[in-house]
Amino acid sequence: MQAHWLIRRGNRKVAVMVLGWASGPELLAHIRPEGYDILTIYEYRNIGDIVSATQHDTASTDTTSACGAEGAASKEGSPHKNGAAPENGRPEGTGTDGRDPVTDSDGAYGAGSFIIYTHSELAAMKEAITHYPYRLLAAWSFGVWAAERLFGDTLFDKAVALNGTPIPADETTGIGARRLGVTLRGIEKSGLAPFNRKAYGPYADLAGTAQSARTPADHTAELATLTALSSEPYRPSVCWTTAIVGIEDGIFPPENMFRYWGKRAIAVTSPHYPFGDENILKILF
């Protein structure tokens with residue numbers, strides 16, 4: 001799994017952006033919300049190795065969030081309040097010695113990428129997030145499922161799902177296992193270009209830029225991994241406050257997303273890729 005930090009000294013807010021399959025931080029290059037540090041999560045070929053088996057109740061097949069329609073900040077036991085200063089008095093995003101526990105930086109703030117191989121590295125990344133007084137989770141497409149498996153035990157002040165659900169392999173609340181199999185075979189045969197046109201619409205060239213650092217085999221392996229792992233039963237536990245549903249989404253059926261999210265759904269006129277719409281960015285930030 002890969003991650004990318006954009007770190008700005010003094011920011012009290014963090015936006016954790018969990019992207020979908022075959023994505024990269026280039027898809028968010030135009031997003032620079034005032035007052036936020038941004039952590040981008042993507043590329044999930046090894047996600048099964050780094051997620052703790054005890055993080056979720058994998059014996060459950062419950063497809064509704066344990067938080068129901070409640071917001072993320074309403075979860076009992078929240079260790080912080082919106083806008084409050086960190087109790088430990090350290091700069092946001094730093095560890096006990098003043099150094100960032102992920103980037104190992106004590107003053108050279110800026111963009112940085114890293115790969116997470118182990119559960120301990122995942123824990124260090126999550127520890128960095130907890131020192132921000134305000135935390136936003138924004139997960140897109142398969143990233144909604146990935147966010148559940150990575151951050152189900154992390155409290156956020158706001159959690160927004162974009163064109164996805166925590167149950168992507170389900171025929172009624174996601175893409176469906178059969179359709180995922182068709183998509184994988186189509187990409188193996190014809191490459192990513194047809195998928196990009198369908199998923200990104202006018203932003204298909206941007207998708208190609210984000211995908212260029214990895215091989216076609218990398219992308220198909222990632223989708224195969226996500227398809228297999230998302231078919232396993234588990235209990236969603238992220239307290240999603242809002243779900244954005246693009247009515248022009250050609251990947252996740254909008255009717256399935258509306259069925260899963262209910263009153264939390266906000267309908268927008270958008271293709272599967274949502275981050276080109278300024279109105280969606282206003283909902284996020």
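In this predicted model, Ile41 touches Met1, Gln2, Ala3, Val16, Met17, Val18, Leu19, Met125 and Leu150, with residues up to four places away in sequence left out of the list. Ile41 also belongs to the largest nonpolar core, which has 82 residues. Within that core, the residues that touch the most other members are Val16, Val18, Ile41, Met125, Leu137, Trp240 and Phe275. Helix 3, residues 142-151, gives the most to this core, with seven residues. In soluble globular proteins, nonpolar side chains tend to be buried together.

Helix 3 is itself hidden. Ten of its ten residues are buried, so the helix is largely enclosed by the rest of the structure. The buried set runs through Phe142, Gly143, Val144, Trp145 and Ala146, and also holds Ala147, Glu148, Arg149, Leu150 and Phe151. Charged residues are therefore found among the buried ones, namely Glu148 and Arg149.

The protein as a whole has nine helices and eight strands. Of its 285 residues, 56% are buried. Among contacts with a separation of 6 or more, 73% join residues 24 or more positions apart.

The largest pocket has a volume of about 350 Å³. Its lining is made of 24 residues, and those closest to the centre are Trp21, Thr183, Ile187, Phe195 and Ile251. By class, the lining has 13 nonpolar, nine polar and two charged residues. Helix 4 (177-190) and helix 5 (193-200) each supply at least two residues of this lining. Helix 4 gives the most, with seven residues.

Ile187, one of the residues closest to the pocket centre, is also in contact with Thr220. Thr220 is found in helix 7, residues 216-230. Thr220 has a relative accessible area of 16%; the cut-off for a buried residue is under 20%, so Thr220 counts as buried. A polar atom of the Thr220 side chain lies 3.0 Å from the backbone oxygen of Ala217. Beyond its neighbours within four places in sequence, Thr220 is in contact with Leu184, Ile187 and Glu188.

Thr165 is buried, at 0% relative accessibility. A polar atom of its side chain lies 2.6 Å from the backbone oxygen of Thr173. Setting aside residues up to four places away in sequence, Thr165 touches Val144, Trp145, Thr173, Gly174, Phe252, Met257, Tyr260 and Trp261.

Backbone angles come next. Most residues other than glycine have a negative phi. Ala22 has a positive value, with phi near 55°. Ala22 sits in the loop between strand 2 (13-18) and strand 3 (36-42). With a relative accessibility of 1%, Ala22 counts as buried. Ser141 also has a positive phi, near 60°. The place of Ser141 is in the loop between strand 5 (134-140) and helix 3. At 7% relative accessibility, Ser141 counts as buried.

Notes:
Residues numbered from 1 in each chain as written. Predicted model: local features only at pLDDT ≥ 70, side-chain atom pairs only at ≥ 80, totals over all residues. Heavy atoms only, no water. Core = buried A, V, L, I, M, F, W, Y, C linked by side-chain atoms within 4.5 Å. Buried < 20%, exposed > 50% of the residue type's maximum accessible area, 1.4 Å probe, protein only. Helix = DSSP H or I, 4+ residues; strand = E, 2+ residues; numbered from the N terminus. Contact = heavy atoms within 4.5 Å. 1 Å grid on protein atoms, 1.4 Å probe; cavity = no way out; pocket = protein on both sides within 12 Å on 5 of 7 lines; lining within 4 Å. Points joined across faces, edges and corners; volume = space filled by probe spheres on them. Polar contact = N/O pair within 3.5 Å; in protein donor to acceptor, adjacent residues only side chain to side chain.
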